[in-house]
Structure formats: structure tokens, C-alpha cells
Amino acid sequence: MSVESAEGRLIAPNGTAFRRRLIMATCMLAASVYSMNITIVSISLPHMQGAFSATPDQIAWVVTSFTLGLTMMVACVSWISNRMGRRRMYLVGLVGFIISSTMCGNARLLEEEVIWRFFQGVSGAYILPLSQAIIIDVYPRERRAWAISVWGLGNMVGPIIAPPIGGYLTEIYGWPAIFYLNIPLGLLTLIGASLSVPRDKPETRRPFDLVGATTLVLGLCLIQFAVNRGTRLDWFESTEIILEFAAAACLLYIFAIHAATARDPFLSPAMLGDRNYRTSITVMATLGLFTFAPLVLLPILLRNLLGYPVDMIGLLLMPRAAGVLIGQMVWVPLLSRIDNRKMVVLGLALNGLASWFMAQWTLDVGAWDIVWTGVLQGFGSGTVFSILTIIAFSTLDQRHQSQGIPVFYLSFNLGTSIGIALIVTQWIESTQTNHARLAEYISPFNQMFRSGAIAIKGAEGAAALDLELTRQAAMIGFDNAMQVAALLPFLAIPLCLFIRDVRPPEAGRGGGRPSGERGR
């Protein structure tokens with residue numbers, strides 16, 4: 001016998017433990033497969049650049065198109081899933097993701113690859129929000145914190161294990177293999193979802209807010225577009241970037257005014273009245289600023305400066321997944337015993353410390369330093385992500401859950417895009433500046449050259465010296481970028497003061513209001 005949720009959706013019977021486990025496994029696999037595609041492509045971009053005979057600016061569209069599709073659709077997940085039904089939209093998203101992944105692997109022209117990557121982002125935008133929404137529906141309220149935490153493991157592990165898998169597949173089978181990997185995993189997820197995810201009733205009463213949807217989607221896409229191109233166009237030195245940010249600001253201003261005055265806005269501003277939810281999405285955006293930046297910079301550092309092969313780079317990045325797993329295993333049993341805010345602060349602090357240790361690296365850095373800092377960062381990121389997810393949705397009114405989940409991930413995605421652009425820009429600019437400063441010491445008047453300790457013999461010697469200057473400057477640039485990444489988590493810690501603990505009263509504090517009222 002089925003039971004009906006507060007939204008009128010039919011959910012799985014609470015007594016069917018096996019079905020809930022099957023749903024959990026399916027949603028975890030779906031989240032992991034989708035999340036892998038956020039980072040797995042980055043390690044194969046050099047190979048794709050050669051295959052398509054593309055410039056660095058052109059091949060970057062393989063990443064840009066995916067994030068544009070994701071940003072455009074994630075804001076629409078709530079309305080579309082309400083109209084079509086959550087289960088139906090979930091299955092459609094999975095089918096679209098499998099088809100677009102297949103076509104990405106079959107692409108022979110850069111234009112084809114960019115188009116299909118866009119559709120991969122569009123179809124995949126439904127997977128994370130709907131996976132979490134399904135998990136929330138099928139588990140009773142007292143077990144939702146545990147369920148969200150376990151499900152979050154799949155979401156966090158995916159992007160972290162993607163580089164080693166991508167490196168191995170690219171080295172052995174070529175870059176198309178990273179997309180073909182989605183086919184068997186996607187089909188397995190599709191079968192599991194078809195068999196386990198409960199049917200629900202589409203909601204047809206809510207009208208479509210054309211003004212709100214248009215201004216929000218266009219504004220977010222312009223921000224995403226400007227962020228992805230900012231590094232290559234030198235940011236606000238470019239008229240294009242200035243116009244894109246100005247247009248985005250105007251569109252989002254119109255959206256905010258319209259949402260506050262419309263009878264049925266596209267996204268209800270009432271959900272921001274929940275204190276825990278409001279603070280959580282702010283911290284999540286900050287988390288995105290520094291979480292994936294090391295995953296972008298480290299492959300470049302290890303390949304170009306330290307000379308590691310692609311498959312070894314993947315292995316060195318894998319311990320981050322172990323850190324996430326350890327964090328989940330440690331904190332899940334303690335969710336009701338320790339102040340959740342302290343967990344978030346600890347996770348942020350560990351992220352900052354790991355980045356600070358990375359900022360001390362030199363060109364002689366060993367594999368062990370790469371491994372243990374990766375474990376520490378994984379532990380910190382996994383802790384913050386899982387606990388924030390619990391804090392955000394433990395107090396959010398049931399009426400706003402369907403809209404709140406996509407916005408939660410939208411804030412993280414935007415933070416991730418901006419963070420990667422910020423850290424990469426810092427690295428590039430610092431590398432150029434330090435190269436120029438180091439080059440000032442290359443002079444006949446330098447004592448090292450006059451004494452013969454350093455000798456330049458012909459054009460080959462000059463080229464070798466310039467290459468070494470570039471390596472040293474890039475290493476300094478990496479250290480400076482990691483200093484920025486180390487600072488960001490500590491800037492987010494004061495925000496935790498605005499979070500209310502969501503542990504139930506019987507967890508050892510005694511008395512107080514029910515947990516569902518603490519976020520107001």
C-alpha cells in the first residue's frame with residue numbers, strides 16, 4: 001500500500017525496505033555518473049584538441065557548452081517535473097543523457113561535440129535535483145538526514161574518481177571512451193529507476209511564469225558564459241565581458257522584482273525566508289569556489305611541470321575519493337550527537353589547511369604530499385557538502401522542497417564555475433608576472449653568469465633556460481593560486497554563525513522546538 005506525501009505525490013511504502021535500498025542505489029549511481037562528467041572531460045581536453053585541430057579557445061567550448069546547458073535547465077527542473085511528473089522526467093533525463101553521451105563519443109567535428117555536450121548538460125540537469133527529491137520522498141522524516149548523507153556520497157565521489165578513470169580510458173582507448181562509459185552505467189541506472197522509482201501525480205495547476213523563467217535563465221546563462229570566457233578575454237578589459245555581466249545584472253534585477261510582486265512566480269522568494277536554507281545555499285556557493293579548482297589545476301601541474309603520465313595523474317587524484325568516503329563513514333553515525341554547525345566549520349577549516357599546505361609545494365613535491373593533502377581536502381569537502389545538504393532541507397517547508405533543491409545545486413554550480421575561473425586566472429596572471437620578474441635576473445651582470453656557475457650555450461641553451469624559468473614561474477603561480485583557495489574556506493566560516501542546529505531535541509540537548517521549526 002502506498003502513502004501520499006504532503007505535496008500529493010505517491011511515494012514508496014515505508015515498510016518496503018528492499019525497494020528503498022534499490023532506490024537509494026539507483027539514485028546514488030545516477031548522481032555519481034552525472035557528477036563524473038563535470039570533471040572527467042578536463043583530463044582529456046589535450047587529446048580532444050589534437051583530434052579536432054582546435055585552438056585552446058575553441059576546445060574550451062566543450063566545457064562551456066555543458067555548463068551552459070546545465071545552468072539553463074537546472075532552474076526549470078521544478079516546474080517541468082511538476083508538469084510532467086517526477087518519475088517520467090527522471091527517466092527522460094536519463095535517456096537523453098545516454099543518447100547525448102553516445103553522440104559526444106561519435107562526434108567527428110568540434111561543432112558536433114559542442115552541440116552534443118550542450119544537450120548532455122541539458123538532459124543531465126534533472127538528475128541531481130530529482131535524485132535527491134526522490135530520496136527525500138521515499139524515506140520517513142526521521143531518516144532523511146541519514147538518507148541524504150548516504151546519497152551525497154555518490155554525488156561527491158563521482159567528480160573525484162573521474163580524473164583517474166578518465167586518464168586511464170584516454171590513455172588506453174582514446175578520448176571517446178570517457179563518453180562511452182556513460183552508456184552501460186546509464187542503462188543500469190535507467191533499469192533501476194524504471195523498476196524502483198514510484199509513480200507520482202503531475203501537478204497541472206501551477207501556471208508557467210514566462211517573464212520569471214526568461215529573465216532568470218537568460219541572466220544565469222550570461223553569467224555562466226562570461227565566467228567561462230573571462231580568463232581568455234582578460235575579464236573586464238573586454239567589452240564583451242562587461243556587456244554580458246551588465247545584461248545579466250539587469251535581467252536578474254527584473255527577475256527579483258517580478259518574483260516579489262507576481263502572484264505565481266517562477267521561483268517563490270518565500271523559501272529564502274528559511275534561515276538555514278538561505279545560509280546553506282550561500283555557504284554552498286562559497287564551497288563551489290574552492291572545491292573543484294584543485295581538480296582543474298593539479299592535472300596541469302602534474303603533467304606539464306612534473307612530467308607524470310596521464311594514468312599516474314589519475315591515481316594520484318583518487319585519494320580524494322577516499323577522503324570523501326572516510327568523511328561520510330565518520331559523520332553519518334554522529335549526525336544526531338554533534339552540533340551540525342561544528343561539522344561544517346571543521347570541514348571548511350580542513351579544506352583551507354589542505355590548500356595552504358599545497359601552497360608550500362615546490363617542483364620537488366613528492367607523491368605522498370599529493371596523496372595526503374588530497375585525502376584531507378576530500379574529507380573536508382565531503383563533510384561540508386553532506387552536512388549542508390541535511391541542514392538546508394531539514395527545516396525547509398515541504399511546499400518549497402521541489403523548488404529549493406534545484407536552487408541549492410544551482411548555487412553550487414555557479415560557485416564552482418566562478419571559483420575555477422578565479423583560481424585559473426590567478427595562476428595565469430601570477431605565472432606571467434613571476435616569469436617577467438625571474439627574467440630580470442638573466443643578465444651578463446648577474447654574478448652567477450659572470451662566475452660561470454650558469455652557462456648559456458647557443459639557442460638551445462637559451463631555450464632550455466627559458467623553459468626552466470617558465471616551470472619555476474608556473475610553480476610560484478600555482479602556490480599563489482592555492483593561497484587564494486586556502487583563504488576562501490575561512491571567509492565562509494563566519495556564515496555558519498547564522499545556521500541553527502537541526503539535531504532533534506532527544507539528541508542530548510533536551511527540550512526546544514521541533515527540528516522542523518529551527519531554521520526560521
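**Close-up 1. The salt bridge between R341 and D339 in the predicted model**. R341 is partly exposed, its relative accessible area being 27%, a value that falls between the 20% under which a residue counts as buried and the 50% over which a residue counts as exposed. In this predicted model, the side chain of R341 meets that of D339 in a salt bridge with an N to O distance of 2.7 Å. D339, by contrast, has a relative accessible area of 12% and is therefore classed as buried, since buried means under 20%.

**Close-up 2. The salt bridge between R86 and D137**.

**Close-up 3. The packing of helices α18 and α19**. Helix α18 (residues 340–358) packs against helix α19 (residues 367–395) at an angle of about 150°, the two axes being 8 Å apart. Because angles over 145 degrees count as roughly antiparallel, α18 is described as roughly antiparallel to α19. The crossing in which α18 passes α19 is left-handed.

**Close-up 4. A nonpolar surface patch made by F18, L22, I191 and L195**. The patch covers about 440 Å², and α1 (17–39) and α11 (182–196) each supply at least two of its residues. L22, which is located in helix α1, is partly exposed, with a relative accessible area of 31%.

Conventions
Residues are numbered from 1 along each chain as its sequence is written. This is a predicted model: local features need pLDDT of at least 70, side-chain atom pairs count only at pLDDT 80 or more; totals for chains, interfaces and linings use all residues. Side-chain values use heavy atoms; hydrogens and water are left out. Patches are made of residues with over 30% relative accessible area and no salt bridge: like charges are joined within 9 Å, nonpolar side chains (Val, Leu, Ile, Met, Phe, Trp, Tyr) within 5 Å. Accessible areas come from the Shrake-Rupley method with a 1.4 Å probe; for residues, only the protein chains shown count as cover. A salt bridge is a side-chain nitrogen of Lys or Arg within 4 Å of a carboxyl oxygen of Asp or Glu. Helices (H or I, at least four residues) and strands (E, at least two) are DSSP runs, numbered from the N terminus. Buried means under 20% relative accessible area, exposed over 50%, partly exposed in between (1.4 Å probe, protein chains only). Axes are lines fitted to C-alpha atoms, for helices over the stretch in contact, and angles run from 0 to 180 degrees between N-to-C directions. Angles under 35 degrees count as roughly parallel, over 145 as roughly antiparallel, 65 to 115 as roughly perpendicular and the rest as oblique. A crossing is left-handed if the near helix is turned anticlockwise from the far one by less than a right angle, and right-handed if clockwise.
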